[in-house]
Amino acid sequence: ASDRKSASDLARRTNAQYAIFGTLVGSANDSVRFRATLINIKNDRAWDYEGRDSTVEAAAARFTVAVLAELGKTHRIGAVRQSSFGSKSIDAMRAFLQGEQFYRRTSWDSAAASYRRAVSFDNRFAIALRRSAQVTAWQRNGSDSVARAFRLAAGAANRGLSPRDSLLLAADSQSAAVARLPSDSMNWAVLKRLFSTVDEAARRYPDDPEVWYAVGEARFHQGYGSPVNVTERQTLQAFDKSIALDSAFAPAYVHAVELAFILDGRRAGLRYAGLYLRLRPTDDEAEGIAIVNAVAGGNSGNSASDSVLDQASPAAIMAAYQTVRRWPDSAQTALRLLQSTGRRPRTSPTYVSDSVRLWNFLPLQLAYRGRLSEAYLALGNRPSRIFAELALLGGLPADTAAAVFSRWVKDGLPQAFHALPWLAATRDSLTIQTLMARADADSRRGSEFARRGGRYRAASTRAYLSLVRRDTADALKRFVALPDTLCIACYLDRLTAARLLATRGRLAEADSLLGQRINSFVTPAEVLIALERGRVAKRLGRNAEATQAFRRVVDAWSTGDQTLQPLVTEARRELATLLKQPGG
């Protein structure tokens, strides 16, 4: 249409919300000038556009990109509402929008192909580069070099975009900067900026589902350590806000399913899983969550769910396992998922990779569920943190532990420092002193990262040595001074500090240490920490938190080895007392 009235009449006759009218004229210098107006029929608002290009096709493409950018401010054109695009290529925009439909359904492979096409048309298309990073991280992992390269490229192209998109791109660049680092050498200044950036985005755009998704992702993947520590509940709340704002945005459900199982159990986990699967996602995570939905939603050990496991791909089973690995259900679903891969015949093309997965993950899962002796049989004497935890919990003979730790120390293995809690419990001051001398030497040589680690280990050996000498006042001072920023995974050191604080009545400080998230794939130590958290929470009068903590111990270890049953009995007794109280 060429005038406003006829364009508006046409839109009303066709039930369209928008209409466009304007003129296209040639000019003396062989260019094409374009004047057009976009009208919103619902509110009679108009947006005017004027531009020129070399051909009619080029002018139309330029106008189309401008219209998409304008509509993106108020409508969901891509995976979510997009306030800017930053590309002038209609071909790049077309490929990007195709990718957005796949991304929205978590169809990572198809989305990745579309975003690659978009970037091939415009290699400075920051939003498409950002999406390429996101799908690569889902396909591989967040610290993958390709994903980080895409994030950094997107950050470098962060020009001329809306404040909202610039904030999200900045957050992704900051995430890429910290993802390549081992957690114990984290650049805490950059990590603080990451959380400041996503929090600022949430403050400015509280009704934006992708912003809350970005908050949830930052909390889920990087929310460790006292400088930025957030709880699992706070992480789930961020994903919940994203889902509430756009219930069909599938990526927001993936981690939410896992967190719901951990925090609220079977019914909550299955509810999130069901909502997610209704969106018909097609990624490995979707296959995994479908397996969880079938197995956790049926009866324990029924033939139907066994058939699902036998027919599923190893990748899908591992995705399912990761979703429920820390859910302490009575059917031990996570363990059952792992063990299903061991039923495959040696002729299976995935037999070798399945065996490697069992070798790596089975000891961890058995130990988490309190099946310490079985975990030791699966683990053997491999130098590892989990071996030291099994020894501490009584999962193997003391003389065996002593012999293995002695060999680790003699061979100069770094894993020998994991034995410190056991060495202190058995009052082996000589071995601790040997480790202290080694840590002192490490603190003076090698890279800055190596020296930092050496300084932490030197300080921790002295703290444990004070425990052996029964100088609890000095031990408390030394444990409290240990910086978690140099060893995020040293959660047993923080447990020891919390216990010492609790004995002195410094409950708030103990609670702060016990509330830090465990930076581990899965470990029995988190159940031990839950027990201590329950004790402290009860003394603080926070009965709901105490109840949840004691229930975690009972659920995880009630069918565990006999050596753990006194702890389970204590947790049951405390639970019974709490549940008798008003509101329990």
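1. Contact here means heavy atoms within 4.5 Å. Leaving aside neighbours within four places in sequence, E574 is in contact with K538 and F550. E574 is found in helix α29 (residues 565–580). Helices (H or I, at least four residues) and strands (E, at least two) are DSSP runs, numbered from the N terminus.

2. This is a predicted model: local features need pLDDT of at least 70, side-chain atom pairs count only at pLDDT 80 or more, and totals for chains, interfaces and linings use all residues. Residues are numbered from 1 along each chain as its sequence is written, and side-chain values use heavy atoms, with hydrogens and water left out.

3. Is E574 buried or exposed? E574 is buried, with a relative accessible area of 15%. Buried means under 20% relative accessible area, exposed over 50%, partly exposed in between (1.4 Å probe, protein chains only).

4. Now the sheet. Three strands form an open sheet in the order β1-β2-β3, with antiparallel pairing. Its edge strands, β1 (18–26) and β3 (45–53), each pair on one side only. Strand β2 (residues 32–40) pairs with β3 over nine bridges. Two strands pair if DSSP finds at least two bridges between them. V32 stands opposite D53 in β3.

5. Next, the core. A nonpolar core is a set of buried Ala, Val, Leu, Ile, Met, Phe, Trp, Tyr and Cys residues joined through side-chain atoms within 4.5 Å. The largest has 143 residues, of which I291, L390, F405 and W557 touch the most other members. Helix α11 (residues 251–264) gives the most to this core: nine residues. A second, separate core of 21 residues includes L168 and F195.
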